[in-house]
Amino acid sequence: MDLPKNSFKDALARNEQQFGLWAAFADAYVTEALAGAGFDWLLIDNEHAPNDVRSTLAQLQAVAPYASHPVVRPVRSDTALIKQYLDIGAQTLLLPMIDTAEQAREAVAATRYPPHGVRGVGSALARASRFNRVGGYLENAHREICVLVQVETTTGLQNLAAIADVDGVDGVFFGPSDLSASMGLLGKAGADEVRSSIRSGIETVRRAGKAAGVLAPDQSIAREYLDAGATFVAIGTDVGLLNAAASALLSAYRTPEQPTKLKDKGGY
């Protein structure tokens, strides 16, 4: 059995724009439905969604028959957690809160087997090697692993060039919400100062020969970042889409004269 190819990593290397969606409902059924929509990648979030290793595994399995590539974000960049997510078959990781080049190097090392890294050797038990059916998995796994580090503080921006230059980092992703908070602009991810910093950051990452990504549910801002050279952009979230569609549907039927809540008549 051959090692599964990482089409997303290949696309980034070819500088092909990849459009993604945040999957935050932590449910395999929902994530599978999203996979059928045709997004290039789906972010299975463990940082701000109630996911764990098992729910992430279920979503990886649900997405597997589809073209959308699953990207997994652990709750933190941690060697033990990275080991678990790689073993259940994640090939692309988005690692949050990377502020220094040293942290980026540690993240890369967690995805490599010795002597090139510190990943624990247990692939014979793991889905990643198709339960030891992939020949040469230990020697070749790193070729298909994509390491994306998330810069989302002013400290990270100050160290951005060094972070992007780390060997094994395939891309740098900007988190506008945390970045805006770090800049003293909490809740203002679309502020001019934040967007300017991200555009400058994209240029720095691209100059290092790496892919630049960002979360931008606002269409005009997303296009701004794409024009600035962003390669992989999350253009929405499942939570946001459902909320917007539900609100729009209700408003299409409710007139100003209608009460906001129907009176209880004792029925269902």
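Two strands pair if DSSP finds at least two bridges between them. Helices (H or I, at least four residues) and strands (E, at least two) are DSSP runs, numbered from the N terminus. The model is predicted: local features need pLDDT of at least 70, side-chain atom pairs count only at pLDDT 80 or more, and totals for chains, interfaces and linings use all residues. Residues are numbered from 1 along each chain as its sequence is written, and side-chain values use heavy atoms, with hydrogens and water left out.

**View 1. Strand β8 and its two neighbours.**
Strand β8 covers residues 232-237 and pairs with strand β1, residues 18-23. The sense is parallel, over four bridges. Gln18 stands opposite Phe232 in β8. Strand β7 (residues 211-215) also runs parallel to β8, joined to it by three bridges. In that pairing, Leu215 faces Ala234 of β8 as its opposite residue. Helix α11 (residues 219-227) belongs with β7 and β8 to a right-handed β-α-β unit. Right-handed here describes the crossover: with the strands pointing away from the viewer, the path from the first strand over the helix to the second runs clockwise.

**View 2**
Strand β2 spans residues 41-45. Its link to β1 is parallel, with four bridges. Leu21 stands opposite Leu42 in β2. Five bridges join β2 to strand β3 (residues 69-73), again in a parallel run. Here Ile44 is set opposite Val72 in β3. Two right-handed β-α-β units include β2. One consists of β1, helix α2 (residues 28-35) and β2. The other consists of β2, helix α3 (residues 53-63) and β3.

**View 2. Cover on both faces of β2.**
Buried means under 20% relative accessible area, exposed over 50%, and partly exposed in between (1.4 Å probe, protein chains only). In a regular strand the side chains alternate between the two faces of the sheet. Trp41, Leu43 and Asp45 lie on one side of β2, Leu42 and Ile44 on the other, and all are buried. Five of the five residues of β2 are buried, so the strand is largely enclosed by the rest of the structure.

A salt bridge is a side-chain nitrogen of Lys or Arg within 4 Å of a carboxyl oxygen of Asp or Glu. Arg195 forms one with Asp192, the closest N and O atoms being 3.0 Å apart. Both residues lie in helix α10 (residues 192-207), three residues apart, about one turn of the helix. An α-helix has 3.6 residues a turn, so residues three or four places apart point the same way. Arg195 is buried, at 17% relative accessible area. Asp192 is exposed, at 59%. Arg199 and Glu224 meet through their side chains in a salt bridge of 2.4 Å, N to O. Arg199 lies in α10 and Glu224 in α11, so the pair ties together parts that are 25 residues apart in sequence. Arg199 counts as partly exposed, with 31% relative accessibility. Through shared partners, salt bridges join Asp192, Arg195, Arg199 and Glu224 into one network.

**View 3. The Arg14–Glu16 salt bridge.**
The side chains of Arg14 and Glu16 meet in a salt bridge at 2.8 Å, N to O. Glu16 is partly exposed, at 34% relative accessibility. The count of salt bridges comes to eleven.

**View 4. The buried side of helix α5.**
Helix α5 takes in residues 101-109. Its buried residues include Ala101, Ala104, Ala107, Val108 and Ala109. The buried residues of α5 pack against α4 (79-87), β4 (92-95), β5 (146-151) and α8 (160-164). Contact means heavy atoms within 4.5 Å.

**View 5. The whole chain, for orientation.**
The protein chain has twelve helices and eight strands. Its radius of gyration is 20 Å, close to the 18 Å that the globule rule gives for 268 residues, so the chain is as compact as a globular protein of that length. The radius is taken over C-alpha atoms, and the rule is 2.2 Å times the number of residues to the power 0.38. Along the principal axes, the C-alpha atoms fill a box of roughly 70 × 45 × 30 Å. Of the 268 residues, 47% count as buried.
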